[in-house]
Amino acid sequence: TALPICKGVLLHPVQIPCGERLCEHCYKGLRTKEEDPVCPKCEAKLKDIKVWRDVFAEKELDELEVYCVNKEAGCDWQGERKNLKDHVATCLKSGFTVSCPHCSKRVLAENMETHYSECSQYFINCPVCSESITQSELSQHLEICPKKEMICEVPGCSH
């Protein structure tokens, strides 16, 4: 069945307390856009809850058979999702553009990994607290990060 928000393939799955799985990007978008977000399937409240990266689901997804992102350009490669990145790096049908699953920008398939490093909507982990945030949120998050070390401004204080 299609995912309830993006209608696509589950990317970076997170599990919410009701047991549903959402793409991390879709979950973050839902929390940002809605004042009182609810699960799109069962309508369980999502405000002030903990979610976690669903590593088991990620592993299961990596074993799925997928086609090359250049299939429309004529590539007939098919293999496990975990091998897709390596294949695309050497695909003879490269030069074909695909849509970034995070920001929807059209990017050459072989440049997708490079694009992720500059994509403002790509999810990364905070280097201090490991919270999952978009690259565009990093500088703002670092200012309020709960695990950020505070430096005392009182002269002579070592705290």
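These are my notebook entries on a predicted model.

**Ground rules.** I kept to the model's limits: local features need pLDDT of at least 70, side-chain atom pairs count only at pLDDT 80 or more, and totals for chains, interfaces and linings use all residues. Residues are numbered from 1 along each chain as its sequence is written, and side-chain values use heavy atoms, with hydrogens and water left out.

I looked up the strand order first. An open sheet of three strands runs 2-1-3, with antiparallel pairing. Strands here are DSSP runs of E, at least two residues; helices are runs of H or I, at least four; both are numbered from the N terminus. Two strands pair if DSSP finds at least two bridges between them. Strand 2 (21-23) and strand 3 are the edges; each has a single partner strand, so one side of each lacks a neighbour in the sheet. I then checked strand 1 (residues 13-15), which pairs with strand 3 over two bridges in the antiparallel sense. Val 14 has Arg 53 of strand 3 as its bridge partner.

**Helices on the sheet.** Helix 1 packs on the sheet and touches strand 1, strand 2 and strand 3. Contact means heavy atoms within 4.5 Å. The direction of helix 1 makes about 90° with that of strand 2. Helix 2 (residues 55-62) also packs there, touching strand 1, strand 2 and strand 3, and its direction makes about 145° with that of strand 1. For these angles, axes are lines fitted to C-alpha atoms, for helices over the stretch in contact, and the angles run from 0 to 180 degrees between N-to-C directions.

**Cores.** I went to the largest nonpolar core next. It has 14 residues; Cys 68, Val 88, Cys 100, Met 112 and Tyr 116 touch the most other members. Helix 3 (84-90) and helix 4 (112-118) are the elements that give it two or more residues. Such a core is a set of buried Ala, Val, Leu, Ile, Met, Phe, Trp, Tyr and Cys residues joined through side-chain atoms within 4.5 Å. Buried means under 20% relative accessible area, exposed over 50%, partly exposed in between (1.4 Å probe, protein chains only). Leaving out residues up to four places away in sequence, Met 112 touches Val 98, Ser 99, Cys 100 and Val 107. Another core lies apart from it, with seven residues, including Ile 16, Leu 22, Tyr 27 and Cys 39.

**Rings.** I found one aromatic pair. The ring centres of Tyr 116 and Tyr 122 are 4.6 Å apart and the planes are at 15°, so the pair is stacked. Rings of Phe, Tyr and Trp (its six-membered ring) pair if their centres lie within 6.5 Å; planes under 30 degrees apart are stacked, over 60 edge-to-face, the rest tilted. Tyr 116 is buried, at 14% relative accessible area.

**Lys 28.** This lysine is in helix 1. At 19% relative accessibility, Lys 28 counts as buried. Not counting residues up to four places away in sequence, Lys 28 touches Phe 123, Glu 131, Ser 132 and Ile 133.

**Positive phi.** I noted two non-glycine cases. Glu 43 has phi near 65°. Glu 43 lies in the loop between helix 1 (24-33) and strand 3 (52-53) and is exposed at 60% relative accessibility. Ser 104 has phi near 70°. Ser 104 sits in the loop between strand 6 (97-99) and strand 7 (106-108) and is exposed at 53%.
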